[in-house]
Amino acid sequence: MLSPLEIEVIALSLRVAFWAVLFSLPLAIAAAWILARTTFPGKVIVDGALHLPLVVPPVVVGFTLLVLFGRQGAIGAFLYETVGISFAFDWKGAALAAGVMAFPLMVRAIRLSIEAIDQRLETAARTLGASPLRVFATITLPLALPGIFAGTVLAFARSLGEFGATITFVSNIPGETRTLPLAIFSLTQTPGAQDAILRLVLISIAIALAALIVSEMLSRRVTARIRGDAA
Amino acid sequence: MISVAVQKRDGDFELDARFESGPSVTALFGVSGAGKTSIVNAIAGLVRPDAGRITVGDVTLFDSATRVFVAPERRGVGYVFQEDRLFPHLTVRRNLRYGSRRNGGGRDAPDFDAIVNLLALERLLERLPHHLSGGEKQRVAIGRAVLSRPRLLLMDEPLANLDAARREEILPFLEQMCRDLAVPIIYVSHAIDEITRLADTLVVVDAGKTLAVGAVSEVTTRLDIAPLTDRRDAGTVLDGQIESHDPTFQLTTVSFPGGQLLVPAIEGRVGEKLRLRIQARDVAISTSTPSQISTLNCLPGVITEVGIPRHAHQDILVDVGVPIVARLTLRSVADLGLAPGRHVTALIKSVAVDRNAASLD
């Protein structure tokens, strides 16, 4: 049904999006909590910087990543020498680009759900002897779960669709960095590939829809549990 | 022994509260906005006073002089809030157990089953807070605070958000708890009836200041404090005991240090202790000894104090063996020429029996 080439593209895309989301999630939760629950000088600037990938052209993000994380880049060179990780022209680079581009969406969704939590519950937990860390783990995090699911799915879908930053940072290498959107783009450059394009487009839509439906189901279940509707 | 002295300026509001209280139930009483909640928040460590010192037993929780500020989770101070603040994603059982991990500092953990039993929560344990009524939620919140092994328990108007029926549902539980727990309680309220039922020590708070501290029966008869208590509620609290029952007329005789009162028949054995409340507006004054009058309770006494006029009324303190407050119109005071030293008769139109204090001692 699916050609080996299509399977390769889908598997790569899922792998890239999976690792992008997995690594951004803890950082996004931390950033969301800091933005929702603390005040510090320069918060506006930090908030703005976190949203940058959403507003600057993806090419700019890709180029910045290339400068920072390329083999010669400030961070890239260090990582390569110390732990032997290289992002350049590698699927890990594609995951990094996807993660960076999706980060603001993830933070936003989680932050909104943390802000919606009644802080008086957290205060009550403190008076019951819970340290700030335990309050976070037992009260804030569980109550923010619907937002965390929503943010994860948004980021996953955004990662699947990442194009501009990826192609700028890690190029378009079959089997390594050619994810679904890049494969579709490549096919548009090939005469007579209309059917192949259509198939990939439908696959993209199907994956995104499936992710949304799963998230919606999980989120409903969690929300129901919190509200107690389905006890 | 709890000792509180805190100062805090917050915009226009200036808090300057100091009081000491014993090991039983202390009520913080005052109108809304008087600063009661600010005081308990300072004790719980939820706000940091500008200056002062808070100690419970030999533990210092806050001392501006030595820069001590213990974090709320390390104070061992339980807190029952006005709202239940139950964790919505945890069952009643897990809510109740949430504070049990606290290091008790050598204090015994209250028995889970005993508290569940006392607050009648057995049937609710596996439910989520969403499925509980307002009264049930507040009972769980009380249990949760108690089970966290506090060295001191704060209750900030725990009944304020409940309707009258729910309040009546919970008050007996609270009375029982105040009796059974070996934990000092600070109980915030603006309802004098709750205080007379629950508290032994009364701290009157007004405009951020603690105006009076003392035994409930003592402070409620201070005329300078009376205007602060809800005007309709001002009155006298008496501790007495059942003397005899009269089945013919359905009356019970209650004796108190100043004499005896007849009240509509109440349950209880002879000798049982009670707390009575006489509202100031239910006390009339006669300068002669009245005869042929329907009022059953006529107590001779001496006027000891005449309060300052407020609107059309003036409070008079009559010593009938114990001081009783009477609220009269300015005109009556003038017509009868009431003044300290004058012998009068206090006519008591009704008596509220507030609590059965039998097992309190």
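## Basis of the description

Helices (H or I, at least four residues) and strands (E, at least two) are DSSP runs, numbered from the N terminus. The model is predicted, and local features therefore need pLDDT of at least 70, side-chain atom pairs count only at pLDDT 80 or more, and totals for chains, interfaces and linings use all residues. Residues are numbered from 1 along each chain as its sequence is written, while chains are lettered from A and ligands numbered from 1 in the order in which they are written.

## Overall architecture

Chain A contains 10 helices and 0 strands; from the N terminus its elements follow the order α-α-α-α-α-α-α-α-α-α. Along the principal axes, the C-alpha atoms of chain A occupy a box of roughly 65 × 45 × 30 Å. Of the 231 residues in chain A, 38% are buried (20 or more other C-beta atoms within 10 Å of the residue's own; exposed means 12 or fewer, partly exposed in between, with C-beta atoms placed from the backbone). Among the contacts in chain A with a separation of 6 or more, 75% link residues 24 or more positions apart (a contact requires C-beta atoms, placed from the backbone, to lie within 7 Å).

Chain B is divided into domain 1 (2–219) and domain 2 (235–360), with bounds that come from an automatic or database domain assignment. The centres of these two domains of chain B, taken over C-alpha atoms, are separated by 33 Å.

## Packing of helix α1 of chain A

Two packed helices are described by the angle between their axes and the distance between the axes. Here axes are lines fitted to C-alpha atoms, for helices over the stretch in contact, and angles run from 0 to 180 degrees between N-to-C directions. Helix α1(A) (residues 4–37) packs with helix α7(A) (residues 132–160) at an angle of about 140 degrees, the axes being 9 Å apart. The two helices are therefore oblique to each other (angles under 35 degrees count as roughly parallel, over 145 as roughly antiparallel, 65 to 115 as roughly perpendicular and the rest as oblique). The crossing of α1(A) and α7(A) is right-handed; a crossing has this hand if the near helix is turned clockwise from the far one by less than a right angle, and is left-handed if anticlockwise. On the α1(A) side the contact includes A:Ser13, A:Ala17, A:Val21 and A:Ile29, which belong to a set that meets residues of α7(A) including A:Ile148, A:Gly151 and A:Phe156. The residues of this contact of α1(A) with α7(A) comprise 11 nonpolar, 5 polar and no charged (Ala, Val, Leu, Ile, Met, Phe, Trp, Tyr, Cys and Pro count as nonpolar, Asp, Glu, Lys and Arg as charged, and the others, Gly among them, as polar).

Helix α1(A) also packs with helix α5(A) (residues 91–115), at an angle of about 40 degrees and with axes 6 Å apart. The crossing of α1(A) and α5(A) is likewise right-handed. Residues of the contact of α1(A) with α5(A) divide into 23 nonpolar, 2 polar and 4 charged.

A:Ile117 lies in the loop between α5 and α6 of chain A. A:Ile117 counts as partly exposed because it has 19 C-beta neighbours inside 10 Å. Apart from neighbours within four places in sequence, A:Ile117 is in contact with A:Thr140, A:Leu143 and A:Ala144. The C-alpha atoms of A:Ile117 and A:Leu143, 26 residues apart along the chain, are separated by 6.9 Å.

In helix α6(A) (residues 119–127), the buried residues are A:Glu122, A:Ala124, A:Ala125, A:Arg126 and A:Thr127. They pack against α7 of chain A and also against α1 (36–44) and β7 (77–80) of chain B. After α6(A) comes A:Gly129, with a positive phi near 100 degrees.

## Contact between the chains

The contact takes 19 residues from chain A and 24 residues from chain B. On the side of chain A that touches chain B, α6, α7 and α10 (194–227) each supply at least two residues. The most comes from α6(A), with 7 residues. By class, this side of chain A has 10 nonpolar, 5 polar and 4 charged residues.

## Positive phi values in chain B

B:Ala120, a residue other than glycine, has a positive phi near 55 degrees and is found in the loop between α3 (112–118) and α4 (134–147) of chain B. B:Ala120 counts as partly exposed because it has 13 C-beta neighbours inside 10 Å.

B:Ala207 is not a glycine either, yet its phi is positive, about 50 degrees. B:Ala207 sits in the loop between β10 (201–206) and β11 (209–215) of chain B. With 15 C-beta neighbours inside 10 Å, B:Ala207 counts as partly exposed.

Terms used:
Two residues are in contact if their C-beta atoms, placed from the backbone, lie within 7 Å.
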